[in-house]
Amino acid sequence: MFSELSAGRPLPAGRYTLLIVLACMLLLSSFDAAFAHGVATGDKGYIQESSGVLIIPFIYLGAKHMVTGYDHLLFLFGVIFFLYRLKDVGLYVTLFAVGHSVTLLFGVLTNISVSAYVVDAIIGFSVVYKALDNLGAFPRWFGFQPNTKVATLLFGLMHGFGLATKIQDFEISPDGLLINLIAFNVGVEFGQILALSAILILMGFWRRNRNFMRHTYTANVAMMSLGFLLMGYQISGLILTP
(Lines give C-alpha, C1' and ligand atoms only; values in the text may rest on other atoms or scores of the structure.)
Protein backbone atom coordinates (compact mmCIF):
# COMPACT_ATOMS: atom_id res chain seq x y z
CA MET A 1 0.00 0.00 0.00
CA PHE A 2 2.88 2.36 0.79
CA SER A 3 4.21 2.00 -2.76
CA GLU A 4 0.81 2.85 -4.17
CA LEU A 5 0.49 5.95 -2.01
CA SER A 6 3.98 7.20 -2.73
CA ALA A 7 3.86 6.57 -6.48
CA GLY A 8 3.51 9.38 -8.98
CA ARG A 9 4.21 13.07 -8.79
CA PRO A 10 4.27 15.09 -5.56
CA LEU A 11 0.90 15.70 -3.95
CA PRO A 12 -0.97 18.72 -5.30
CA ALA A 13 -2.04 21.39 -2.86
CA GLY A 14 -5.68 20.47 -3.49
CA ARG A 15 -8.72 21.28 -1.51
CA TYR A 16 -8.65 18.07 0.51
CA THR A 17 -5.04 18.57 1.51
CA LEU A 18 -5.90 22.12 2.56
CA LEU A 19 -8.79 20.86 4.65
CA ILE A 20 -6.49 18.36 6.35
CA VAL A 21 -3.98 21.09 7.22
CA LEU A 22 -6.72 23.39 8.54
CA ALA A 23 -8.17 20.57 10.63
CA CYS A 24 -4.74 19.88 12.13
CA MET A 25 -4.29 23.57 12.95
CA LEU A 26 -7.69 23.68 14.63
CA LEU A 27 -6.81 20.57 16.60
CA LEU A 28 -3.52 22.04 17.72
CA SER A 29 -5.23 25.24 18.84
CA SER A 30 -7.48 23.25 21.19
CA PHE A 31 -4.71 21.31 22.98
CA ASP A 32 -4.64 23.55 26.06
CA ALA A 33 -8.37 23.14 26.61
CA ALA A 34 -8.69 19.41 26.19
CA PHE A 35 -5.28 17.81 26.17
CA ALA A 36 -5.34 14.02 26.12
CA HIS A 37 -7.85 12.61 28.58
CA GLY A 38 -8.59 15.93 30.21
CA VAL A 39 -12.04 16.53 31.67
CA ALA A 40 -13.75 19.90 31.62
CA THR A 41 -13.71 21.79 34.90
CA GLY A 42 -17.48 21.76 35.24
CA ASP A 43 -17.66 18.01 34.57
CA LYS A 44 -14.86 17.37 37.04
CA GLY A 45 -16.73 19.29 39.75
CA TYR A 46 -19.93 17.37 39.04
CA ILE A 47 -18.15 14.01 39.22
CA GLN A 48 -16.52 14.92 42.53
CA GLU A 49 -19.76 16.12 44.12
CA SER A 50 -22.06 13.38 42.78
CA SER A 51 -23.27 10.52 44.93
CA GLY A 52 -25.60 7.61 44.28
CA VAL A 53 -26.72 6.08 40.99
CA LEU A 54 -26.83 8.74 38.24
CA ILE A 55 -27.29 6.82 35.01
CA ILE A 56 -28.35 9.55 32.58
CA PRO A 57 -25.75 12.14 33.66
CA PHE A 58 -22.93 9.61 33.40
CA ILE A 59 -24.16 8.44 29.97
CA TYR A 60 -23.98 12.08 28.90
CA LEU A 61 -20.48 12.50 30.35
CA GLY A 62 -19.30 9.33 28.56
CA ALA A 63 -20.70 10.49 25.23
CA LYS A 64 -19.17 13.93 25.69
CA HIS A 65 -15.80 12.41 26.53
CA MET A 66 -15.75 10.44 23.29
CA VAL A 67 -17.06 13.22 21.02
CA THR A 68 -14.56 15.76 22.41
CA GLY A 69 -11.71 13.30 22.95
CA TYR A 70 -9.50 14.09 19.98
CA ASP A 71 -6.98 11.36 20.87
CA HIS A 72 -9.72 8.72 20.64
CA LEU A 73 -11.00 10.19 17.39
CA LEU A 74 -7.53 10.43 15.84
CA PHE A 75 -6.86 6.76 16.55
CA LEU A 76 -10.30 5.63 15.35
CA PHE A 77 -9.95 7.80 12.24
CA GLY A 78 -6.77 5.89 11.46
CA VAL A 79 -8.41 2.55 12.22
CA ILE A 80 -11.30 3.04 9.78
CA PHE A 81 -9.26 4.89 7.15
CA PHE A 82 -9.10 1.96 4.73
CA LEU A 83 -12.18 0.07 5.95
CA TYR A 84 -15.06 0.10 3.48
CA ARG A 85 -17.43 -2.57 4.81
CA LEU A 86 -19.61 -1.74 7.80
CA LYS A 87 -18.99 -5.14 9.39
CA ASP A 88 -15.25 -4.47 9.37
CA VAL A 89 -15.77 -1.03 10.88
CA GLY A 90 -18.02 -2.58 13.54
CA LEU A 91 -15.46 -5.27 14.38
CA TYR A 92 -12.54 -2.88 14.92
CA VAL A 93 -14.63 -0.33 16.78
CA THR A 94 -15.97 -3.08 19.05
CA LEU A 95 -12.44 -4.30 19.81
CA PHE A 96 -11.42 -0.77 20.75
CA ALA A 97 -14.56 -0.28 22.87
CA VAL A 98 -14.07 -3.57 24.73
CA GLY A 99 -10.47 -2.69 25.57
CA HIS A 100 -11.43 0.82 26.64
CA SER A 101 -14.26 -0.40 28.88
CA VAL A 102 -12.29 -3.20 30.54
CA THR A 103 -9.38 -1.07 31.73
CA LEU A 104 -11.59 1.88 32.67
CA LEU A 105 -13.64 -0.32 35.00
CA PHE A 106 -10.64 -2.29 36.26
CA GLY A 107 -8.47 0.75 36.90
CA VAL A 108 -11.09 2.74 38.82
CA LEU A 109 -12.54 -0.18 40.82
CA THR A 110 -9.14 -1.54 41.88
CA ASN A 111 -7.58 1.91 42.32
CA ILE A 112 -4.60 0.86 40.20
CA SER A 113 -2.95 3.67 38.30
CA VAL A 114 0.29 4.75 36.68
CA SER A 115 1.59 8.13 35.62
CA ALA A 116 -0.93 9.84 33.36
CA TYR A 117 2.01 11.18 31.34
CA VAL A 118 3.19 7.64 30.54
CA VAL A 119 -0.28 6.44 29.55
CA ASP A 120 -0.95 9.48 27.36
CA ALA A 121 2.46 9.13 25.69
CA ILE A 122 1.52 5.54 24.78
CA ILE A 123 -1.80 6.82 23.44
CA GLY A 124 0.12 9.27 21.28
CA PHE A 125 2.23 6.35 20.09
CA SER A 126 -0.97 4.50 19.14
CA VAL A 127 -1.80 7.32 16.73
CA VAL A 128 1.71 7.16 15.26
CA TYR A 129 1.46 3.36 14.96
CA LYS A 130 -1.84 3.51 13.09
CA ALA A 131 -0.59 6.16 10.68
CA LEU A 132 2.49 4.04 9.90
CA ASP A 133 0.28 0.98 9.51
CA ASN A 134 -1.92 2.82 7.01
CA LEU A 135 1.20 3.81 5.06
CA GLY A 136 2.33 0.17 4.89
CA ALA A 137 5.55 1.02 6.71
CA PHE A 138 5.90 -2.15 8.80
CA PRO A 139 6.28 -4.70 5.96
CA ARG A 140 8.51 -2.26 4.10
CA TRP A 141 10.79 -1.37 7.03
CA PHE A 142 10.68 -4.45 9.26
CA GLY A 143 9.48 -7.24 6.99
CA PHE A 144 6.33 -8.11 8.98
CA GLN A 145 2.79 -6.88 9.45
CA PRO A 146 1.45 -6.58 13.04
CA ASN A 147 -1.97 -8.08 13.68
CA THR A 148 -4.22 -5.04 13.34
CA LYS A 149 -7.06 -6.55 15.40
CA VAL A 150 -4.79 -7.35 18.35
CA ALA A 151 -3.18 -3.91 18.13
CA THR A 152 -6.59 -2.20 18.15
CA LEU A 153 -7.63 -4.15 21.26
CA LEU A 154 -4.33 -3.43 23.05
CA PHE A 155 -4.47 0.27 22.32
CA GLY A 156 -8.11 0.30 23.41
CA LEU A 157 -6.91 -1.06 26.74
CA MET A 158 -4.40 1.77 27.03
CA HIS A 159 -6.94 4.44 26.11
CA GLY A 160 -9.29 3.19 28.84
CA PHE A 161 -6.49 3.04 31.38
CA GLY A 162 -5.63 6.64 30.58
CA LEU A 163 -9.13 7.79 31.46
CA ALA A 164 -9.21 5.58 34.57
CA THR A 165 -6.03 7.29 35.78
CA LYS A 166 -7.68 10.71 35.45
CA ILE A 167 -10.96 9.66 37.10
CA GLN A 168 -9.11 8.34 40.15
CA ASP A 169 -7.87 11.87 40.82
CA PHE A 170 -11.47 13.09 41.21
CA GLU A 171 -12.14 11.19 44.46
CA ILE A 172 -15.45 9.97 43.04
CA SER A 173 -18.00 8.69 45.57
CA PRO A 174 -18.10 4.88 45.97
CA ASP A 175 -21.92 5.09 46.29
CA GLY A 176 -23.27 3.82 42.96
CA LEU A 177 -19.76 3.76 41.50
CA LEU A 178 -20.07 0.55 39.46
CA ILE A 179 -23.43 1.48 37.91
CA ASN A 180 -22.20 4.97 37.12
CA LEU A 181 -19.05 3.62 35.45
CA ILE A 182 -21.12 1.21 33.35
CA ALA A 183 -23.39 4.11 32.37
CA PHE A 184 -20.29 6.12 31.46
CA ASN A 185 -19.12 3.32 29.17
CA VAL A 186 -22.56 3.15 27.54
CA GLY A 187 -22.25 6.89 26.91
CA VAL A 188 -18.82 6.34 25.39
CA GLU A 189 -20.41 3.91 22.93
CA PHE A 190 -23.11 6.42 21.99
CA GLY A 191 -20.51 9.12 21.52
CA GLN A 192 -18.37 6.78 19.47
CA ILE A 193 -21.28 5.96 17.17
CA LEU A 194 -22.07 9.64 16.68
CA ALA A 195 -18.45 10.61 16.02
CA LEU A 196 -17.78 7.70 13.67
CA SER A 197 -21.01 8.31 11.76
CA ALA A 198 -19.86 11.86 11.01
CA ILE A 199 -16.37 10.66 10.08
CA LEU A 200 -17.72 7.91 7.80
CA ILE A 201 -20.03 10.34 6.01
CA LEU A 202 -17.13 12.72 5.35
CA MET A 203 -14.87 9.84 4.34
CA GLY A 204 -17.54 8.62 1.92
CA PHE A 205 -17.51 11.94 0.09
CA TRP A 206 -13.70 12.10 0.18
CA ARG A 207 -13.30 8.60 -1.24
CA ARG A 208 -15.30 9.59 -4.31
CA ASN A 209 -12.53 11.96 -5.31
CA ARG A 210 -10.23 10.37 -7.87
CA ASN A 211 -7.16 11.66 -6.04
CA PHE A 212 -8.18 10.06 -2.73
CA MET A 213 -5.28 7.58 -2.65
CA ARG A 214 -2.75 10.34 -3.18
CA HIS A 215 -4.25 12.58 -0.50
CA THR A 216 -4.28 9.73 2.00
CA TYR A 217 -0.51 9.95 2.21
CA THR A 218 -0.74 13.57 3.38
CA ALA A 219 -3.55 12.76 5.80
CA ASN A 220 -1.64 9.94 7.50
CA VAL A 221 1.59 11.94 7.71
CA ALA A 222 -0.39 14.74 9.38
CA MET A 223 -1.96 12.24 11.78
CA MET A 224 1.45 10.76 12.57
CA SER A 225 2.83 14.25 13.27
CA LEU A 226 0.04 14.92 15.74
CA GLY A 227 0.78 11.60 17.44
CA PHE A 228 4.45 12.54 17.80
CA LEU A 229 3.42 15.95 19.15
CA LEU A 230 1.25 14.30 21.79
CA MET A 231 4.08 11.94 22.73
CA GLY A 232 6.56 14.81 23.01
CA TYR A 233 4.22 16.88 25.16
CA GLN A 234 3.62 14.03 27.59
CA ILE A 235 7.28 12.96 27.79
CA SER A 236 8.25 16.55 28.49
CA GLY A 237 5.64 16.72 31.24
CA LEU A 238 6.98 13.50 32.75
CA ILE A 239 10.53 14.84 32.80
CA LEU A 240 9.75 18.36 33.99
CA THR A 241 7.06 17.61 36.57
CA PRO A 242 8.54 17.21 40.09
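# Exercises on an all-helix model

The side chains of Asp-133 and Lys-130 form a salt bridge, 2.7 Å from N to O; such a bridge is a side-chain nitrogen of Lys or Arg within 4 Å of a carboxyl oxygen of Asp or Glu. Before going further, please keep in mind that this is a predicted model, where local features need pLDDT of at least 70 and side-chain atom pairs count only at pLDDT 80 or more, while totals for chains, interfaces and linings use all residues. Residues are numbered from 1 along each chain as its sequence is written, and side-chain values use heavy atoms, with hydrogens and water left out.

**Exercise 1. The structure holds 2 salt bridges; describe the one between Arg-85 and Asp-88.**

Step 1: The side chains of Arg-85 and Asp-88 meet at 3.0 Å, N to O.

Step 2: Arg-85 is partly exposed, with a relative accessible area of 48%, whereas Asp-88 is buried at 18%.

**Exercise 2. Which helices each supply at least two residues of the nonpolar surface patch?**

Step 1: Recall how a patch is built: its residues have over 30% relative accessible area and no salt bridge, with like charges joined within 9 Å and nonpolar side chains (Val, Leu, Ile, Met, Phe, Trp, Tyr) within 5 Å.

Step 2: The members, including Val-53, Leu-109, Leu-178 and Phe-190, together have about 900 Å² of accessible area, computed by the Shrake-Rupley method with a 1.4 Å probe; for residues, only the protein chains shown count as cover.

Step 3: Helix H5 (55-68) and helix H11 (177-207) each give at least two residues, and H11 provides the largest share, 6 residues. Leu-109 comes from helix H7 (residues 86-110) and is partly exposed at 44%.

Step 4: Phe-58, Ile-59 and Leu-61 are among its buried residues.

**Exercise 3. Which residues does Lys-149 touch, beyond those up to four places away in sequence?**

Step 1: Find Lys-149 in helix H10 (residues 148-168), where Lys-149 is partly exposed at 40% relative accessibility.

Step 2: The residues touched are Leu-91, Tyr-92 and Leu-95, a contact being heavy atoms within 4.5 Å. Leu-91 lies 58 residues from Lys-149 along the chain, with their C-alpha atoms 8.6 Å apart.

**Exercise 4. Where does Asn-111 lie, and what is its phi?**

Step 1: Asn-111 sits in the loop between H7 and H8.

Step 2: Its phi is near 60 degrees, a positive value in a residue other than glycine. Asn-111 is exposed, at 57% relative accessible area.

Note on methods
Helix = DSSP H or I, 4+ residues; strand = E, 2+ residues; numbered from the N terminus. Buried < 20%, exposed > 50% of the residue type's maximum accessible area, 1.4 Å probe, protein only.
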